[in-house]
Amino acid sequence: AGVGLLAVALLRRLPAAAMGVAMVGLLAADLVSYGYGHVPFTPARDIYPTPPAFAALARQDPGLYRITAVSSTYIKNLELTYGLDTPSGVGYQIRTVDPLLSGLGAGLSGYVLDAKKIAAARRDRRLDLLNTKYLFATTVNGSDSVLAAQPERFRLALSSGTVRVFENLRVLPRAFVVPRGGVRSAPAPAAGYAAVAAPGFDPAGTVVVAGPPPTWPAARAGADRGTATAGGVRLGVGSVRYDGDDVYVGVAPRSAGVLVLSDVVYPGWRVSVDGRDRRLLRVDGGLKGVAVGPGDRVVHFTFRPASVRAGATLSLLGGVVFVGCLGAPALLARRRRPARRPEPVTA
């Protein structure tokens with residue numbers, strides 16, 4: 001398409017303004033298709049074969065959890081290709097995530113976790129906190145033997161070729177409530193990072209909130225242990241549902257506490273409970289949290305950053321200016337054109 005446009009331009013088959021519109025349109029189509037994950041223009045399912053270990057694990061456990069490779073069992077970012085979740089992130093590590101995995105691997109281009117370092121940190125609960133249920137090791141470099149040597153922590157879940165998938169027996173759910181008695185506050189996130197990395201830290205019973213202590217809502221009637229429904233969303237209690245930039249968590253706490261969602265906190269995230277806004281808490285260094293109490297049903301985290309609204313506004317203004325620039329030359333030329341003098345009338 002680009003070569004075709006250049007040929008048209010050389011042959012002067014289109015006005016300059018129309019050529020500009022065509023080239024901007026081509027660029028936009030290319031960027032949009034790339035942004036939505038297309039390999040122009042073949043569906044990913046026709047390009048990437050599903051690894052047998054991934055397919056077997058999906059059949060064996062269709063739940064919500066994160067996976068990770070240890071000691072470079074497979075290439076970095078492979079989870080992203082297949083829509084799987086991982087604690088180590090993709091591409092380059094961001095500052096919020098980096099301290100959550102410090103000491104468990106190398107953070108060069110995203111974290112590469114190391115089996116020996118994980119095994120040496122026997123009392124470290126960070127991978128448990130980050131909902132990392134399965135670890136992929138391999139017989140090629142002996143990383144499988146390292147994990148197998150700790151059967152109280154890791155159980156062999158499946159084998160596929162040289163790949164060994166171990167289940168983390170101490171893993172925590174994606175979202176859980178820490179009772180009010182286990183809530184601690186600290187002035188800065190650094191205290192949370194230090195706490196979760198300390199040997200013996202129990203993330204299920206203790207949570208560190210950065211900033212002022214949370215304010216708990218007044219108890220409301222109507223809590224139950226079955227399903228939670230609010231705003232058209234129906235969830236089983238304890239379940240988590242992702243929908244684009246929205247995350248819904250079904251809750252029914254018997255007492256006040258802090259709901260921990262083991263997703264990275266980032267500017268632009270907001271939270272509401274049963275349709276009422278609440279303060280988003282930064283917990284355990286870099287994760288999301290919110291104070292909940294009896295009667296609460298559905299927690300809704302949503303990503304609505306001001307930068308996106310500003311970008312949309314600037315893009316709209318840019319489009320208006322662009323269209324104006326295309327029409328301005330013709331309008332100016334029309335205004336400069338001398339008016340036709342009337343023909344003299346002859347008898």
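**Loops, strands and salt bridges**

Colleague: Where is the place of S72?

Modeller: Ground rules before I answer: this is a predicted model, in which local features need pLDDT of at least 70, side-chain atom pairs count only at pLDDT 80 or more, and totals for chains, interfaces and linings use all residues. Residues are numbered from 1 along each chain as its sequence is written, and side-chain values use heavy atoms, leaving out hydrogens and water. Helices (H or I, at least four residues) and strands (E, at least two) are DSSP runs numbered from the N terminus. In those terms, S72 is in the loop between β1 and α4 (78-81).

Colleague: Does S72 count as buried or exposed?

Modeller: S72 has a phi near 60 degrees, a positive value in a residue other than glycine. For cover, I call a residue buried under 20% relative accessible area, exposed over 50% and partly exposed in between (1.4 Å probe, protein chains only). With 53% relative accessibility, S72 is exposed.

Colleague: What is the phi of N77 near?

Modeller: N77 is also placed in the loop between β1 and α4. At a relative accessible area of 27%, N77 is partly exposed. Its phi is positive though it isn't a glycine, near 75 degrees.

Colleague: Zooming out, what share of the 347 residues is buried?

Modeller: The protein has ten helices and 19 strands. It exposes about 19500 Å², with carbon and sulfur atoms supplying 60% of that; the areas come from the Shrake-Rupley method with a 1.4 Å probe, and for residues only the protein chains shown count as cover. Buried residues come to 37%.

Colleague: And among contacts between residues at least 6 apart in sequence, how many percent join residues at least 24 apart?

Modeller: A contact here means heavy atoms within 4.5 Å. Of the contacts between residues at least 6 apart, the share joining residues at least 24 apart is 65%.

Colleague: On to charges. How far apart are the closest N and O atoms of D263 and R66?

Modeller: A salt bridge is a side-chain nitrogen of Lys or Arg within 4 Å of a carboxyl oxygen of Asp or Glu, and that rule gives a count of twelve. Both D263 and R66 are buried. The closest N and O atoms in their salt bridge are apart by 2.6 Å.

Colleague: How many residues apart in sequence are the parts that the D263 and R66 pair ties together?

Modeller: It's D263 bridging to R66 again. D263 is in strand β14 (residues 257-264) and R66 in strand β1 (residues 66-69), so the separation in sequence is 197 residues.

Colleague: Are R126 and D124 buried or exposed?

Modeller: Their side chains meet in a salt bridge, 2.8 Å from N to O. R126 has 5% relative accessibility and D124 has a relative accessible area of 11%. Both count as buried.

Colleague: Which residues of helix α9 (residues 189-197) are buried?

Modeller: A190 and A194 are exposed, on the other side of α9. What covers the buried ones includes α5 (98-101), α7, β9 (207-210) and β17 (281-283). The buried residues are G192, Y193, A195 and V196.

Colleague: How far apart in space are P253 and F176?

Modeller: P253 is in the loop between β13 and β14, and P253 is buried at a relative accessible area of 8%. P253 and F176 are 77 residues apart in sequence. From C-alpha to C-alpha, their separation in space is 9.9 Å.
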